[in-house]
Every structure is written in C-alpha cells, then in structure tokens.
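Good morning, everyone, and thank you for making time for this. Please have a look at the chain on the screen while I take you through it.

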Amino acid sequence: MKILLKLIVFFVPTTFIVMFFILLTNDETYPGADYNSFELPPFRLDNLANSDLITKDTLEGNFILNVWASWCITCRIEHPYLMNLNNNGIPIIGLNYKDERDDAINWLNKYGNPYNLTVHDFKGTLALDLGVTGAPETFLVHNGKVVVHYQGEVNKLIWEDVFLPVIKEREIF
C-alpha cells in the first residue's frame with residue numbers, strides 16, 4: 001500500500017508538470033484564437049460618425065471587424081497596428097463597444113481613424129451576439145461569415161500567426 005501511495009504521489013504531479021510543459025511550449029496555437037466559422041448575426045445599429053443605420057447587409061465582402069472602445073487601454077496599444085493595416089489596404093470595420101459617442105469620436109480624432117466604417121454598439125448587443133467578452137477583440141469576416149475570432153490585442157505576431165494563414169489559404173484580400 002505504501003508503494004502504491006508513493007507511486008501516486010510521484011506520478012500525479014509529474015503528469016501535470018509534463019502536460020503544462022507541452023501546453024506552454026506549443027507555438028502552433030494561441031489561447032485567444034478561435035477558428036470556428038459562424039454567420040455574422042443580423043443587427044441594426046447606428047454609424048458612429050453620423051447616426052445612419054447600419055445593418056448586416058451594409059457590411060459586404062471581406063473585412064476585419066475590430067471591437068474597441070475609448071475606455072480600453074489595450075485598444076490604445078493595438079491602435080497603431082490597426083492604422084498600419086488600414087494604410088496597407090486591409091479594410092477594417094470598427095465596432096465601438098459600450099462607449100459614449102462623443103468619447104469615441106474624440107478618441108478617433110486624437111489617435112487617427114483606421115476604420116472604413118464604425119458601428120456604434122452602445123448597449124453591446126452585436127458584441128454579445130458575436131461572443132465578445134471584452135475589448136479589444138478582432139474578427140476576420142469572409143463573405144458574411146466569421147472565420148477567425150481573436151480575443152486580445154492584434155499586433156504583428158498575432159496578425160502573421162493567426163490571421164494571415166487563413167487570409168492566404170482562402171485568398172481573402
């Protein structure tokens with residue numbers, strides 16, 4: 001019985017250590033990346049800039065949908081990279097999440113606007129339907145379907161490892 005107890009005490013922690021080592025050293029996946037495809041949900045929200053109505057049908061083709069807010073610190077860190085993507089011809093739709101309209105507009109005026117269009121989701125209804133848990137989160141939309149969802153800051157490494165392989169495989173842009 002003592003030998004069995006000693007074996008259990010040895011093998012259980014060793015198993016957990018090996019498992020965590022394998023998970024932490026696996027460079028092929030990102031914890032915030034989700035590749036499950038789903039249809040962009042229907043919605044009716046205002047354009048941040050002019051209060052015109054935006055619906056799912058307004059958003060055609062292929063684009064990046066970036067969830068952001070003026071109160072989001074990580075969004076500020078991510079913002080220069082989004083400006084770079086936009087300057088390189090990547091169409092980006094902004095989803096302004098649970099934010100006051102004036103605060104969001106002032107934020108874009110101060111830091112620059114990487115978005116071709118910005119949807120104002122004051123109550124977070126579209127974000128909730130998309131499965132957003134916070135900001136920033138970014139979606140790759142291909143012909144009305146979300147094909148990649150990333151929770152967290154998009155930067156060069158995330159763009160190249162999470163989004164670019166799908167973009168190249170499906171010839172999206």
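Predicted model: local features only at pLDDT ≥ 70, side-chain atom pairs only at ≥ 80, totals over all residues.

Residues are numbered from 1 along each chain as its sequence is written, and side-chain values use heavy atoms, with hydrogens and water left out.

The chain holds 5 helices and 9 strands, where helices (H or I, at least four residues) and strands (E, at least two) are DSSP runs numbered from the N terminus. Read from the N terminus, the order of elements is α-β-β-β-β-β-α-β-α-β-α-β-β-α. The radius of gyration is 20 Å, well over the 16 Å that the globule rule gives for 173 residues, so the chain is more spread out than a compact globule; that radius is taken over C-alpha atoms, and the rule is 2.2 Å times the number of residues to the power 0.38. Along the principal axes, the C-alpha trace spans about 75 × 35 × 30 Å. Of the 173 residues, 42% count as buried, and here buried means under 20% relative accessible area, exposed over 50%, and partly exposed in between, with a 1.4 Å probe and protein chains only. Among contacts with a separation of 6 or more, 71% come from residues 24 or more positions apart, contact meaning heavy atoms within 4.5 Å.

Now to the helix pair. At what angle do helix α2 and helix α3 pack? Helix α2, residues 73-87, and helix α3, residues 101-111, pack at about 55 degrees with their axes 12 Å apart, the axes being lines fitted to C-alpha atoms, for helices over the stretch in contact, and the angles running from 0 to 180 degrees between N-to-C directions. The two helices are therefore oblique to each other, given that angles under 35 degrees count as roughly parallel, over 145 as roughly antiparallel, 65 to 115 as roughly perpendicular and the rest as oblique. On the α2 side C75, R76, H79 and M83 take part, and they meet W107, L108 and Y111 in α3.

Next, some local backbone features. A cis peptide bond joins A135 and P136, with omega about -5 degrees, and P136 lies in the loop between α4 (125-130) and β8 (137-142). K98, although not a glycine, has a positive phi of about 50 degrees; K98 sits in the loop between β6 (92-97) and α3 and is partly exposed, at a relative accessible area of 43%. N143 also has a positive phi, near 50 degrees, without being glycine; N143 belongs to the loop between β8 and β9 (145-151) and is exposed, at 55%.

Finally, is L85 buried or exposed? L85, in helix α2, is buried, with a relative accessible area of 4%. Leaving out residues up to four places away in sequence, L85 touches I90, I92 and W159. L85 and N155 are 70 residues apart in sequence, yet 9.9 Å apart in space, C-alpha to C-alpha. N47, in strand β3 (residues 44-47), is buried too, at 12%, and beyond its neighbours within four places in sequence N47 is in contact with D52, I54, R101, L117 and T118.
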